[in-house]
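Hi everyone, thanks for coming.

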Amino acid sequence: ISSIDFNNLSHALIVEGQEGVGKNQICQFLINGLLNEKNSQNLIKNNSHPDLFCINNETLISYFQREDKDKLKNKTKKIPVGFIREAIDFVMLKSGLSKNKILFIDGAENLTISSQNALLKTLEEPPAHVIFIFATTNPEKIPKTVQSRCLQLNLKTVSEELLFNHFKKILK
């Protein structure tokens, strides 16, 4: 983490790993580092930063309540193309507080085919100020055309045996 150069970061990242490995913590670290203006921490925490568009369970529920209550009843986790189009419109606007605009998608494996296709054009020709951060537990569900345009960070889980041996060495 300490070796991340925020001035020389890829325009698109996929942070992948099993549930509970720390993907969201790494993503939050990246977002905080990229939107490092005054008062950004509180705005990010409250999901009200003018340069951050988050797609997660909370924002999806809000979107479905606005758009299509029937999909909310079915408790779908799929990320609809309409939401992705809103996100793309958002990142195309000029930055408000920071030099960057960030689109963060938690559960990127839940993008529909239409959503993936809508996102692909912007990934191919991104505006200079936009950074995409995708978190996923199933990177194989993200098409190769999207993956090929992203830097992939694979977070491996640490076995209990490895942790035990590490702490045993420290305690000696």
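Let me begin with a cut-off we'll need: a salt bridge here is a side-chain nitrogen of Lys or Arg within 4 Å of a carboxyl oxygen of Asp or Glu. And please keep in mind that this is a predicted model.

A quick overview before the close-up. The protein has 172 residues, and 42% of them count as buried. There are eight helices and five strands, and along the sequence they run β-α-α-β-α-α-α-β-α-β-α-β-α. If you take the contacts with a separation of 6 or more, 73% of them join residues 24 or more positions apart. The accessible surface is about 10400 Å², with 51% of that belonging to carbon and sulfur atoms.

Now to my residue, Asp51. You'll find Asp51 in the loop between α2, residues 40–45, and β2, residues 52–55. Asp51 is buried, yet it has no salt bridge. Which side chain of opposite charge is nearest to Asp51? That would be Lys101, 4.0 Å away.

Finally, the surroundings. Leaving out residues up to four places away in sequence, Asp51 touches Leu35 and Phe90, then Ser95, Gly96, Leu97 and Ser98, and also Asn100, Lys101 and Ile102. Lys101, then, is among the residues that Asp51 touches, although Asp51 has no salt bridge.

That's my tour, thank you!

Definitions and conventions:
Residues are numbered from 1 along each chain as its sequence is written. This is a predicted model: local features need pLDDT of at least 70, side-chain atom pairs count only at pLDDT 80 or more; totals for chains, interfaces and linings use all residues. Side-chain values use heavy atoms; hydrogens and water are left out. Helices (H or I, at least four residues) and strands (E, at least two) are DSSP runs, numbered from the N terminus. Buried means under 20% relative accessible area, exposed over 50%, partly exposed in between (1.4 Å probe, protein chains only). Lys and Arg count as positive and Asp and Glu as negative; His and the chain ends are not counted. Contact means heavy atoms within 4.5 Å. Accessible areas come from the Shrake-Rupley method with a 1.4 Å probe; for residues, only the protein chains shown count as cover.
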